[in-house]
Amino acid sequence: MSATPAARVFAGESAAPPARAFPWALAMGAGFGLLRLAPDAFWRMTPRELAAALSALLPAAPEAIDRADLAALMARFPDRTRG
């Protein structure tokens, strides 16, 4: 049985995986280069606002296939030969 989150923290372990650093270089490149934002406009934006502004430039994500379509693809392109 694994220890509870509180027991792990008490034992000196982290309760959550370490957070990744925010990709400032990519965000600044997108804000200044792609969106051509002035520095004051960029620094006033939240990361969600920046993401929303950038989403207008990106293609929409394709819809996920359903189980029937996946089964058809698996039948058409099997991972290994039968026999």
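Arg36 has its place in the loop between H2 and H3. The model that shows this residue is a predicted one. The backbone of Arg36 deserves attention, for its phi is positive, near 55°, although the residue is not glycine. With a relative accessible area of 71%, Arg36 is exposed, because a residue counts as exposed over 50%.

**Overall architecture**

The chain contains five helices and zero strands. Read from the N terminus, its elements follow the order α-α-α-α-α. The chain has 83 residues, of which 7% count as buried.

Which residues make up the largest nonpolar core? The core consists of five residues, namely Ala27, Ala30, Phe42, Leu50 and Leu54. At least two residues of this core come from H2, and at least two come from H4. In soluble globular proteins, nonpolar side chains tend to be buried together. Leu54 illustrates the packing: leaving out residues up to four places away in sequence, Leu54 touches Ala30, Leu34 and Leu35.

The structure holds one salt bridge. It joins the side chains of Asp40 and Arg44, with a distance of 3.1 Å from N to O. This pair meets the criterion because a salt bridge requires the nitrogen and the oxygen to be within 4 Å. Both partners belong to helix H3, which covers residues 39–44; Asp40 and Arg44 are four residues apart, about one turn of the helix. Are the two partners buried or exposed? Asp40 is partly exposed, at 47% relative accessible area, whereas Arg44 is exposed, at 62%.

Ile65, Leu70, Leu73, Met74 and Phe77 make a nonpolar surface patch of about 500 Å². Where does Ile65 lie? Ile65 is found in the loop between H4 and H5, while Leu70 belongs to helix H5, which covers residues 67–76. Ile65 is in contact with Leu70 and Leu73, when its neighbours within four places in sequence are set aside. Ile65 is partly exposed, with a relative accessible area of 47%, and Leu70 is likewise partly exposed, at 40%.

**Accessibility of the residues discussed**

The following table brings together the accessibility of several residues.

| Residue | Relative accessible area | Class |
|---|---|---|
| Arg36 | 71% | exposed |
| Asp40 | 47% | partly exposed |
| Arg44 | 62% | exposed |
| Ile65 | 47% | partly exposed |
| Leu70 | 40% | partly exposed |

How values were computed: Residues are numbered from 1 along each chain as its sequence is written. This is a predicted model: local features need pLDDT of at least 70, side-chain atom pairs count only at pLDDT 80 or more; totals for chains, interfaces and linings use all residues. Side-chain values use heavy atoms; hydrogens and water are left out. Buried means under 20% relative accessible area, exposed over 50%, partly exposed in between (1.4 Å probe, protein chains only). Patches are made of residues with over 30% relative accessible area and no salt bridge: like charges are joined within 9 Å, nonpolar side chains (Val, Leu, Ile, Met, Phe, Trp, Tyr) within 5 Å. Accessible areas come from the Shrake-Rupley method with a 1.4 Å probe; for residues, only the protein chains shown count as cover. A nonpolar core is a set of buried Ala, Val, Leu, Ile, Met, Phe, Trp, Tyr and Cys residues joined through side-chain atoms within 4.5 Å. Contact means heavy atoms within 4.5 Å.
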